Amino acid sequence: MKKNRLDARMIAIMGLLIALMVTLSRLISIETPFIKLSVTFIPQVIMGILFGPFWSGIGSVLADLVGMALFSKSAFFIGFTLNAFIEGAIYGFFFYRKEITWKNAILATLSVTLIINLILTPLWLALMYHVPLFSWVVWAPRLLKTVIWIPLQSIAIYYVGRSIPYKKILQSLTVRTK
């Protein structure tokens, strides 16, 4: 298997996905200080399918930094940038050059939910807002979101992932030597 290098087409596709992530995350989302509903995971999954864990993590970090620079809604906190990298890397791990299955969609959603939404984000919010980590203010909306969001996100990942002709796109992105 040939190793992909970043070329102009890959950078352009990643730039479009980053712009889509910024738009979905900062402009088309429902956000309170303690919870955020967004479909940013869709371009992240596409990035994971096309670029793998490392580049998906880097693209997610860039989207977070650009979003904060252009549409800041609160103070910058490096923990959420770390969350972005980990989330992109998880999607890359589960979907890069792999068939999109129900198992992968559910496992990716559960991994992101457990690591990001139920461990790291509450920790960052407690540090930022100086509330106790086990406060109902942090956990009540988060647990409700988790119960509703896991099936919706898994279904969306499966159907969006299956509808993308990723094999054809990956084939056009591979570097060919003459």
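This section describes helix packing, aromatic pairs and selected loop residues in a predicted model.

Two packed helices are described by the angle between their axes and the distance between the axes. Helix α1 spans residues 8–27 and helix α2 spans residues 41–70; their axes come within 8 Å and cross at roughly 55°. With this angle, α1 and α2 are oblique to each other, and their crossing is right-handed. The contact of α1 with α2 is made up of 19 nonpolar, four polar and two charged residues.

Helix α2 also packs against α3, at an angle of about 170° and with the axes 7 Å apart. Because angles over 145 degrees count as roughly antiparallel, α2 and α3 are assigned to that class. Sorted by residue class, the contact of α2 with α3 comprises 15 nonpolar, nine polar and two charged residues.

A further packed pair is formed by helix α4, residues 102–129, and helix α5, residues 136–163, whose axes come within 9 Å and cross at roughly 155°. This crossing angle makes α4 roughly antiparallel to α5. The crossing of α4 and α5 is right-handed, and the contact between α4 and α5 contains 15 nonpolar, seven polar and two charged residues. Within helix α4 lies Leu110, which counts as partly exposed at 39% relative accessibility.

Aromatic side chains were examined next. The model contains nine aromatic pairs. In one of them, Tyr91 and Phe95 have ring centres 6.4 Å apart and ring planes at 20°, so the pair is stacked; the assignment follows because planes under 30 degrees apart count as stacked. Both residues belong to helix α3, residues 78–95, where a spacing of four residues corresponds to about one turn of the helix. Tyr91 and Phe95 are both buried. Phe93 and Phe94 form an edge-to-face pair, with a centre-to-centre distance of 5.2 Å and an angle of 85° between the planes. Phe94 has a relative accessible area of 13% and is therefore buried, since the cut-off for this class is under 20%. The ring of Phe93 is also approached by a charged side chain: Lys98 lies over the face of Phe93, at 4.7 Å from the ring centre. Elsewhere, ring pairs link Phe77, Phe80 and Trp124 into a cluster.

Backbone geometry was considered at two loop positions. Most residues other than glycine have a negative phi. Arg97, by contrast, has a positive phi near 55°. Arg97 is placed in the loop between α3 and α4, and its relative accessible area of 31% makes this residue partly exposed. His130, likewise not a glycine, has a positive phi of about 55°. This histidine is found in the loop between α4 and α5. With a relative accessible area of 70%, His130 is classed as exposed, because the threshold for that class is over 50%.

Technical notes: Residues numbered from 1 in each chain as written. Predicted model: local features only at pLDDT ≥ 70, side-chain atom pairs only at ≥ 80, totals over all residues. Heavy atoms only, no water. Axes fitted to C-alpha atoms, helices over the stretch in contact; angles between N-to-C directions. Parallel < 35°, antiparallel > 145°, perpendicular 65-115°, else oblique. Left-handed = near helix turned anticlockwise from the far one by under 90°. Nonpolar A, V, L, I, M, F, W, Y, C, P; charged D, E, K, R; others polar. Phe/Tyr/Trp six-rings, centres within 6.5 Å; stacked < 30°, edge-to-face > 60°. Buried < 20%, exposed > 50% of the residue type's maximum accessible area, 1.4 Å probe, protein only. Lys NZ or Arg CZ within 6 Å of the ring centre and 35° of its normal.
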